[in-house]
Structures are given as C-alpha cells and as structure tokens.
Amino acid sequence: MPTRRNIITLAAVGLAMPAAFARAAVTEFTMEAFKAAQKAGKPILVDVWASWCPTCKAQGPILKSLLADPKNKDMVMLRVNFDTQLDVLKALNVQSQSTLIVFKGAKETGRSVGDTEAGSIGALLATAI
C-alpha cells in the first residue's frame with residue numbers, strides 16, 4: 001500500500017519530469033525551422049527517422065535523455081521522416097534512416113548512422129555546443 005511519503009515523492013517527480021523533458025520535444029523538420037535555427041546560431045540535431053526502423057526506436061530514449069541534460073538545453077532537434085521527406089534527404093545528402101546530423105549554426109559538425117551508444121551520441125551532440 002502506498003504511503004503518504006511515496007505519493008508525495010511520485011507527485012514531485014511527475015511534476016519535475018515534464019520540465020526536464022520539454023527540451024526533448026520532437027519537432028518535425030521544415031526548411032524554415034532549420035534555416036531559422038541556423039541563422040540564430042543554435043546547435044541543431046537533425047534526426048532522420050522511420051517508424052519501422054528498430055535502430056531509430058533504440059535511439060529515441062537516448063536522444064530524449066541527452067537532450068534533457070542542461071548542457072544541451074539550447075539544442076534544436078528536428079526530425080526528418082525518412083519515408084516522406086525525400087527532398088530533405090537529398091538536400092542533406094542522407095542515404096539511410098537512423099542518421100543523426102549535428103550543426104552549429106550553418107556548419108555541420110558531425111554525423112552518424114545507426115549509432116545506439118549514448119556515449120558516442122553524446123559526444124556527437126557536444127560538437128555543436
């Protein structure tokens with residue numbers, strides 16, 4: 001049976017989590033959003049994703065966790081749908097789903113394909129900070 005202390009602790013955690021994960025919100029890639037973030041000099045993560053891709057699904061919680069870290073608070077995450085946004089794939093020279101591309105403003109600082117290791121993905125994100 002839950003105690004009063006457990007209920008209060010769970011409520012506090014529940015209230016804190018949305019704020020922490022708000023930074024990890026997924027935004028659909030649009031060229032307008034991408035150009036605006038570049039112009040503002042923001043660190044940008046482009047996540048090329050497909051709903052059927054197990055690697056993409058494995059990357060999801062890792063990205064969410066990394067983007068909740070205060071050091072990545074200014075990172076803009078834009079998700080590209082691998083199956084429907086073919087023009088974006090061409091513009092960014094993407095060949096495969098589960099591709100992560102990082103920019104610092106207009107300059108690409110790194111990319112990876114198929115990576116599901118938190119350490120190396122975190123290192124990739126750090127190149128844009």
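I began with Ser98, which is buried at a relative accessible area of 5%, where buried means under 20% relative accessible area, exposed over 50% and partly exposed in between, with a 1.4 Å probe and protein chains only. Before going further I noted that this is a predicted model, in which local features need pLDDT of at least 70 and side-chain atom pairs count only at pLDDT 80 or more, while totals for chains, interfaces and linings use all residues. I also noted that residues are numbered from 1 along each chain as its sequence is written, and that side-chain values use heavy atoms, with hydrogens and water left out.

I placed Ser98 in the loop between H4 and S4, taking helices (H or I, at least four residues) and strands (E, at least two) as DSSP runs numbered from the N terminus. The backbone of Ser98 has a positive phi of about 65 degrees, although Ser98 is not a glycine. I kept in mind that most residues other than glycine have a negative phi. Asn93 lies in this loop between H4 and S4 as well, and its phi, near 55 degrees, is again positive in a residue other than glycine. Is Asn93 buried or exposed? I found a relative accessibility of 54%, so Asn93 counts as exposed, whereas Ser98 is buried.

**Strand S4 and its partners**

I next looked at S4 itself (residues 99–104), where five of the six residues are buried, so that the strand is largely enclosed by the rest of the structure. On pairing, I used the rule that two strands pair if DSSP finds at least two bridges between them. Strand S2 (residues 43–49) pairs with S4 in the antiparallel sense over six bridges, and I saw Asp47 opposite Leu100 of S4. S4 is also joined to strand S5 (residues 107–113) by six bridges, and these two strands run antiparallel; here Phe103 has Glu108 of S5 as its bridge partner. S4 and S5 make a hairpin with two residues between them, and Gly105 in the turn has a positive phi of about 65 degrees.

Within S4 I picked out Ile101, which counts as buried at 0% relative accessibility. Which residues does Ile101 touch, not counting those up to four places away in sequence? I listed Ile44, Leu45, Val46, Leu92, Val94, Glu108, Gly110 and Arg111, with contact meaning heavy atoms within 4.5 Å. Ile101 and Ser112 are 11 residues apart in sequence, and their C-alpha atoms are 6.7 Å apart in space.

I then turned to Ser112, found in strand S5 and buried, with a relative accessible area of 15%. Not counting residues up to four places away in sequence, Ser112 touches Ser98, Thr99, Leu100 and Leu124, which brought me back to the Ser98 of my opening entry, in the loop between H4 and S4.

**Helices H3 and H5**

How do H3 and H5 lie relative to each other? The axes of helix H3 (residues 54–68) and helix H5 (residues 118–126) come within 10 Å and cross at roughly 50 degrees, the axes being lines fitted to C-alpha atoms over the stretch in contact, with angles from 0 to 180 degrees between N-to-C directions. H3 and H5 are therefore oblique to each other, since angles under 35 degrees count as roughly parallel, over 145 as roughly antiparallel, 65 to 115 as roughly perpendicular and the rest as oblique. The residues making the contact are Ile62, Leu63, Leu66 and Leu67 of H3 and Ala118, Ile121, Gly122 and Leu125 of H5. I sorted these into seven nonpolar, one polar and no charged, with Ala, Val, Leu, Ile, Met, Phe, Trp, Tyr, Cys and Pro counted as nonpolar, Asp, Glu, Lys and Arg as charged, and the others, Gly among them, as polar.

Also in helix H5 is Ala123, which counts as partly exposed at 44% relative accessibility. From Ala123 to Gly110 I noted 13 residues in sequence and 9.8 Å in space, C-alpha to C-alpha.

**The chain as a whole**

Finally I recorded five helices and five strands in the protein chain, following the pattern α-β-α-β-α-β-α-β-β-α along the sequence. Of the 129 residues, 36% count as buried.
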